[in-house]
Amino acid sequence: MIKEYEEWLENHQEDCLRIINVHNETISDGLGLRLSIYVSGCIHECNGCHNKQSWDYNSGNILTGNLLEEIINKYQSNPLLDGITLSGGDPFYKDEALTFLLYLLKKHLNCNIWAYTGYTYEQISESKALDYIDILVEGRFNKELYHPDLVFKGSSNQRIIDINNTRLNNTLKIIG
């Protein structure tokens with residue numbers, strides 16, 4: 001069990017993340033082979049969303065220290081993985097919990113992290129969670145702007161942002 005997370009969870013029961021699915025290996029949620037964590041809860045409710053079951057904030061299981069340890073162990077036991085992706089739902093719905101989860105993932109795994117959100121970068125630019133994210137796929141899905149040839153995003157209005165370069169150069173670095 002990840003004791004540090006369990007201690008945090010004791011004081012943040014109302015703010016905890018709920019996990020609806022963990023894909024141990026996927027190539028559709030970011031560059032390379034990734035472990036993807038899907039959280040529940042989304043206020044965006046985009047028309048044509050591919051994951052409507054994730055909208056319900058109460059679906060899935062509470063992210064406990066044991067579940068987090070299981071996720072970390074899955075990642076460590078697979079040397080083929082290139083990183084972790086957080087999706088949902090919208091991970092930024094519970095920003096404080098997301099930030100602490102990302103901190104622990106970086107601390108224990110020091111891996112590449114992608115995150116998907118319906119918010120724009122400008123709406124969440126002050127979030128401390130961005131300190132632990134390498135690539136952000138942002139913006140609401142727009143069914144009218146969907147195209148099957150888009151890579152790692154569902155509609156052309158969404159942006160793929162290199163957070164590290166954005167912060168280093170103090171200018172938005174859009175890579176897709």
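Me: Is Asn 110 buried or exposed in this predicted model?
Reply: The relative accessible area of Asn 110 is 64%. Exposed means over 50%, so by its accessible area Asn 110 counts as exposed.

Me: Where does Asn 110 lie, and what is its phi near?
Reply: Asn 110 sits in the loop between α3 and β5. Most residues other than glycine have a negative phi. Asn 110 is a residue other than glycine with a positive phi, near 45°.

Me: What is the relative accessible area of Asn 170?
Reply: Asn 170 also has a positive phi, near 55°. The segment after α5 (163-169) is where Asn 170 is found. Asn 170 is exposed, and its relative accessible area is 71%.

Me: Which element gives the most to the largest nonpolar core?
Reply: The largest nonpolar core has 42 residues, and Tyr 5, Leu 63, Leu 68, Ile 84, Leu 86, Phe 92 and Leu 105 have the most contacts inside it. Elements that give two or more residues to this core include α1 (3-10), α2 (65-76), β4 (83-88) and α3 (95-109). With eight residues, the element that gives the most is α3.

Me: How many residues are in the other core that lies apart from the largest one?
Reply: Trp 114, Tyr 116, Val 137 and Ile 160 are among the residues of this other core. Its number of residues is five.

Me: How are α2 and α3 set to each other?
Reply: Two packed helices are described by the angle between their axes and the distance between the axes. For α2 and α3 the angle is about 40° and the axes are 11 Å apart. The crossing in which α2 passes α3 is right-handed. By their angle, α2 and α3 are therefore oblique.

Me: How do the residues of the contact of α2 with α3 divide by class?
Reply: From α2, the residues Leu 68, Ile 72, Tyr 75 and Gln 76 meet Leu 101, Leu 104, Leu 105, His 108 and Leu 109 of α3. The division is seven nonpolar, two polar and no charged.

Me: How are α1 and α3 set to each other?
Reply: The axes of α1 and α3 are 11 Å apart, and the packing angle is about 170°. Angles over 145 degrees count as roughly antiparallel. The relation of α1 to α3 is therefore roughly antiparallel.

Me: What separates the C-alpha atoms of Ala 129 and Leu 102?
Reply: Ala 129 and Leu 102 are 27 residues apart along the chain, and their C-alpha atoms are separated by 6.8 Å.

Me: Is Ser 87 buried or exposed?
Reply: Ser 87 has its place in strand β4. Beyond residues up to four places away in sequence, Ser 87 touches Ile 37, Tyr 38, Val 39 and Tyr 116. With a relative accessible area of 8%, Ser 87 is buried.

Notes:
Residues are numbered from 1 along each chain as its sequence is written. This is a predicted model: local features need pLDDT of at least 70, side-chain atom pairs count only at pLDDT 80 or more; totals for chains, interfaces and linings use all residues. Side-chain values use heavy atoms; hydrogens and water are left out. A nonpolar core is a set of buried Ala, Val, Leu, Ile, Met, Phe, Trp, Tyr and Cys residues joined through side-chain atoms within 4.5 Å. Buried means under 20% relative accessible area, exposed over 50%, partly exposed in between (1.4 Å probe, protein chains only). Helices (H or I, at least four residues) and strands (E, at least two) are DSSP runs, numbered from the N terminus. Axes are lines fitted to C-alpha atoms, for helices over the stretch in contact, and angles run from 0 to 180 degrees between N-to-C directions. Angles under 35 degrees count as roughly parallel, over 145 as roughly antiparallel, 65 to 115 as roughly perpendicular and the rest as oblique. A crossing is left-handed if the near helix is turned anticlockwise from the far one by less than a right angle, and right-handed if clockwise. Contact means heavy atoms within 4.5 Å. Ala, Val, Leu, Ile, Met, Phe, Trp, Tyr, Cys and Pro count as nonpolar, Asp, Glu, Lys and Arg as charged, and the others, Gly among them, as polar.
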